[in-house]
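Hi everyone, thanks for coming. I'd like to walk you through one model today, so please have it open in your viewer.

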Amino acid sequence: MPHSVSAPSAPRRVARLLRTSLFAQVACALVLGVAVGRLWPDVGTAVQPLGDGFVRLIKAVIAPLVFCVVVGGIAKAGDLKAFGRIGLKALIWFEVATTVALVLGLLAANLAGPGTGMHIDPASLDSSAVDEQTGGGHLPSTDQFILEALPDSAVGAFAENSLLQVLVLACLVGAAVLHLGKTKVPAILSAVDQAQGIVFAVVGFIMRLAPLAVFGAMAHLVGEYGLKALSTYGKLIALCYGVALLFLVLLAVALKAITGLSLWKFVKYTREEMLLALGTASSETVMPRMMQKLRAAGCREDAVGLVLPTGYSFNLDGASIYLSMGTLFIAQAVGVDLSLGQQITVILVLMLTSKGMAGVPGSAFLALSATASALGVIPAAAVALLLGVDRIMDSMRVATNLLGNCVAVFAVSRWEGALDARKAQRVLSGEEAAEGAAEGAAAQEATPEGVAAEEEKTAEEKDPVAQAGTGRTESAGSVSRSG
């Protein structure tokens with residue numbers, strides 16, 4: 001008589017999914033954070049350090065990672081001119097994408113008029129609140145921005161976590177290695193590869209704290225700001241998110257036309273990273289993992305290493321949408337009608353100010369203040385109108401910025417012939433496992449949770465009924481460094 005066994009219970013399958021899937025862990029943490037922030041606001045504010053600490057840990061490895069990827073990419077590509085072409089094409093793409101985002105924001109604000117009829121008296125607004133938000137800082141001028149991108153200390157560039165300075169250093173070191181040749185410096189390239197492997201391993205360890213970070217960030221957001229801003233600024237919020245969605249549709253069309261790839265499949269492929277970025281309101285937290293996944297999806301190492309980090313300073317599409325719409329919103333709210341010439345000035349000013357926003361506290365308010373000052377017709381205090389809604393716009397800005405930069409990597413790679421389109425199609429469709437997945441699985445299994453999951457999986461594989469009842473789950477370390 002055949003031995004009959006029952007399939008694993010639903011709670012057991014859910015427990016296993018929560019142990020092995022980073023996406024499930026982050027999703028649960030996000031929901032729990034919203035609930036805690038809504039029910040116990042004081043607790044939500046108190047757990048903010050969980051999110052801040054995670055962001056600090058990720059930022060600590062970004063500079064060495066970018067340095068290793070860029071140096072290795074230049075040395076392996078063997079063509080410095082090609083690297084220069086990639087940089088030039090990336091800047092062209094960034095300017096076109098930023099301009100489209102700014103124009104879309106202005107058109108939508110003109111058509112919908114989110115601030116029309118508010119009749120706000122600028123004298124009733126407290127401009128000191130904006131100063132408190134920005135910490136008295138300022139955006140760099142064009143020449144200052146260029147100078148600050150050049151390192152005055154090799155160690156200082158890493159110590160200050162200045163991404164552009166690290167990029168410049170990496171380009172110089174990569175060019176030097178290429179010039180000297182691998183025969184004269186044979187140990188350098190292998191050392192860079194080994195250092196890169198160590199950095200990716202550290203990223204894997206830090207990513208295990210992602211659910212705690214999302215919980216802390218979301219609990220603080222809801223606990224600190226509540227949900228009242230949704231009703232006060234409902235029209236502006238809905239309009240910003242709607243325009244961002246339209247911009248992403250345009251990006252999807254451009255990606256399909258240029259590379260034949262599907263943006264939706266890429267979103268599914270990077271769903272863990274997208275959810276983490278949304279939960280922590282920071283695209284920097286997922287830069288290392290995005291670099292891994294883009295390389296695993298067929299983009300050449302030098303293209304990924306240059307385009308993605310540069311985009312974090314030069315290609316802020318979501319921020320551009322918000323800034324253009326925010327400028328018109330505050331103008332409409334205080335009863336100022338901007339002419340076509342003044343709106344063109346808004347685009348030109350924001351094209352410059354948006355480039356220096358990365359890493360500057362309260363940069364959105366500084367950019368809006370600079371724009372209002374350039375126009376000369378919007379009271380500076382009117383910028384304070386957006387204090388209550390700025391934090392809610394983070395999700396829109398993060399998602400749009402991140403996807404915009406990833407699409408730029410694919411597009412520039414294709415433009416330069418640095419994209420394996422067939423491999424990208426197979427990876428995004430799930431037909432081919434990304435390179436390095438075995439290393440990621442090994443790292444996962446090395447943890448206590450991974451060992452327990454593996455033992456459970458082995459037991460189920462011996463049981464045909466249980467095996468049929470479970471299905472395939474996703475490993476938290478699904479993608480590791482590509483070879």
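This is a predicted model: local features need pLDDT of at least 70, side-chain atom pairs count only at pLDDT 80 or more; totals for chains, interfaces and linings use all residues.

Residues are numbered from 1 along each chain as its sequence is written, and side-chain values use heavy atoms, with hydrogens and water left out.

Let's start inside. By nonpolar core I mean a set of buried Ala, Val, Leu, Ile, Met, Phe, Trp, Tyr and Cys residues joined through side-chain atoms within 4.5 Å. Buried is under 20% relative accessible area, exposed is over 50%, and partly exposed is in between, with a 1.4 Å probe and protein chains only. The largest nonpolar core has 133 residues, and the members that touch the most others are Trp93, Phe266, Leu386 and Phe410. Which helix gives the most to this core? That is α4, residues 48-77, with 13 residues. Helices here are DSSP runs (H or I, at least four residues), numbered from the N terminus.

Now find Trp93. Leaving aside residues up to four places away in sequence, Trp93 touches Leu251, Ala254, Ile258, Gly404, Val407, Ala408, Ala411 and Val412, where contact means heavy atoms within 4.5 Å.

On to the rings. Rings of Phe, Tyr and Trp (its six-membered ring) pair if their centres lie within 6.5 Å; planes under 30 degrees apart are stacked, over 60 edge-to-face, and the rest tilted. How many aromatic pairs does a search of the whole structure find? Three. One of them is edge-to-face, Phe67 with Phe158, at 5.6 Å centre to centre and 70° between the planes. This pair links distant parts of the chain, with Phe67 in α4 and Phe158 in α8 (residues 154-159), 91 residues apart. Phe158 counts as partly exposed because its relative accessibility is 31%.

Phe266 and Tyr269 make a tilted pair, because their centres are 6.3 Å apart and their planes are at 55°. Both residues are buried, and they sit three residues apart in α14 (residues 263-269), about one turn of the helix. Together with Phe410, they form one aromatic cluster. Tyr269 also has Lys293 over its face, 5.1 Å from the ring centre. For that, NZ of Lys or CZ of Arg must be within 6 Å of the ring centre and within 35 degrees of the ring normal. Arg397 does likewise over Tyr322, at 4.6 Å.

Lys293 leads us to Glu273, which touches Val286, Arg289, Met290 and Lys293, again not counting residues up to four places away in sequence. Is Glu273 buried or exposed? Glu273 is buried, because its relative accessible area is 1%. Its helix is α15, residues 271-280, and α15 is mostly covered, with eight of its 10 residues buried. Just after α15, Ala281 takes a positive phi of about 55°.

That's my tour, and I'm happy to take questions.

Note on methods: Helices (H or I, at least four residues) and strands (E, at least two) are DSSP runs, numbered from the N terminus.
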